[in-house]
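I am opening a notebook page on one protein and want to record what I looked up, entry by entry. The structure comes first, and my notes come after it.

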Amino acid sequence: MVIPAILCTSFTLFTAATPFTLTLAPHGDCTLCCPVVWRKNVKFNLYTRRNPEKSLQIQMDDYTGVQLSPIRRENPTVIYIHGFTELDGGHSTTGIRKAYLRRGDYNVLIVDWSTLSAFPWYEHAVANTPGVGKYVAQFLHFLTLAGGLTLATLHVVGFRLDPAFPLYMFSNMRGHLSPSDAEFVDVIHTDGGVFGFPVPLGHADFFPNGGTPIQPGCWLSQLFLHRELRYFIACSHNRAWMYYAESVNRELAFEATACNNYHLYLKGKCPGEPILGVAYDRPQPDRQYMGFAAHPNLRGKFYLKTNQIAPYGISSS
């Protein structure tokens, strides 16, 4: 069946000043779905300090394009993958990009798969994620061969940093984020049980303010007071990327404590206590931090508190 082109076209709309992507028909593998064209539907947009505001799209297998681009192999590379309904130029992609380029000379690659994750087709976005993951892996392999990437300095950041819960909750480790996905997987939980997973998924799992809604500052009255109504939808969920983006330039601001649960953390009964069920396969650092400064040796669950408004990190840095 041929789907009319207008139904497959993506539109950028705004709600409370927040951009989101909409399509009239879903993309994916179904009778009434628009066909997925990976090269067209998944874009790799490069930002560096040489082009901090205007992206340069890197095409798969375009070796000459990589060599002529401002990407530098000697610089660390950050790949940011947005979430459902988002797009390059949205709040999270812009926040993460600006944070890294403020910190230093990074290659920042935004994976824009907005057409495949468009509103209102959440179920189809979930179904598309394995294919997107494979295509990103192929791109990284190509970029390495093209001389634009050193895997040892690669950091993949994804929102939802607070991993998506709906339709992923009953999948196995192959269906959602797990420690086997990278040498070090750290997770920030801010909306557990609603849009985010309430249980540990990585090597190190951070639960600011208990990891559940409503996060500080996300009550409607607080959003109105602080002029942040644009974050009304999924405010607690969005706090995950906001905390992380802030940590890039305030790396010691989110000091956390290893603990068995939030109740014990609030009572101050955690320091030095081994976490039940955690396999400590390497020495643990004396101090733990959430976000950019998370040490790759960290294992277990970590708790902390944040402020209602930015700067969110309470610790001095």
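The entries below go from the whole chain to single residues.

**Entry 1: ground rules.** I noted that this is a predicted model, in which local features need pLDDT of at least 70 and side-chain atom pairs count only at pLDDT 80 or more, while totals for chains, interfaces and linings use all residues. I also noted that residues are numbered from 1 along each chain as its sequence is written, and that side-chain values use heavy atoms, with hydrogens and water left out.

**Entry 2: the whole chain.** I looked up the secondary structure and found eight helices and 12 strands in the protein chain; helices (H or I, at least four residues) and strands (E, at least two) are DSSP runs, numbered from the N terminus. The radius of gyration is 20 Å, close to the 20 Å that the globule rule gives for 317 residues, so the chain is as compact as a globular protein of that length. For that comparison the radius is taken over C-alpha atoms, and the rule is 2.2 Å times the number of residues to the power 0.38. Along the principal axes, the C-alpha atoms fill a box of roughly 60 × 45 × 40 Å.

Entry 3: Of the 317 residues, 49% are buried, where buried means under 20% relative accessible area, exposed over 50% and partly exposed in between (1.4 Å probe, protein chains only). I then looked at contacts (heavy atoms within 4.5 Å): among those between residues at least 6 apart in sequence, 67% join residues at least 24 apart.

**Entry 4: the record.** In the unreviewed UniProt entry I found the annotation "domain: Lipase", which covers residues 40-159 and 161-312; such annotations may be inferred rather than shown by experiment. The span 40-159 is 38% helix and 25% strand, and its end C-alpha atoms lie 22 Å apart.

**Entry 5: cis peptide bonds.** I noted a cis peptide bond joining Phe 119 and Pro 120, with omega about 5°, and Pro 120 sits in the loop between strand E6 (107-112) and helix H5 (122-145). The bond from Ala 310 to Pro 311 is also cis, with omega near 0°, and Pro 311 lies in the segment after strand E12 (300-304).

**Entry 6: Thr 23.** Which residues does Thr 23 touch, not counting residues up to four places away in sequence? The list includes Phe 119 and Pro 120, and also Leu 7, Cys 8 and Trp 121. Thr 23 itself lies in strand E2 (residues 18-23), and it counts as buried because its relative accessibility is 2%.

**Entry 7: positive phi.** Thr 85 is not a glycine, yet it has a positive phi of about 75°; its place is in the loop between strand E5 (77-81) and helix H4 (91-103), and at 15% relative accessibility it counts as buried. Asn 209 likewise has a positive phi, near 55°, and belongs to the loop between strand E9 (204-208) and helix H6 (220-225). Is Asn 209 buried or exposed? Asn 209 is buried, with a relative accessible area of 13%.

**Entry 8: Pro 285.** I placed Pro 285 in the loop between helix H8 (262-266) and strand E11 (288-289), where it counts as buried at 19% relative accessibility. Leaving aside neighbours within four places in sequence, Pro 285 is in contact with His 295, Asn 297 and Leu 298. From Pro 285 to Pro 296 the C-alpha distance is 9.5 Å, and the two are 11 residues apart in sequence.
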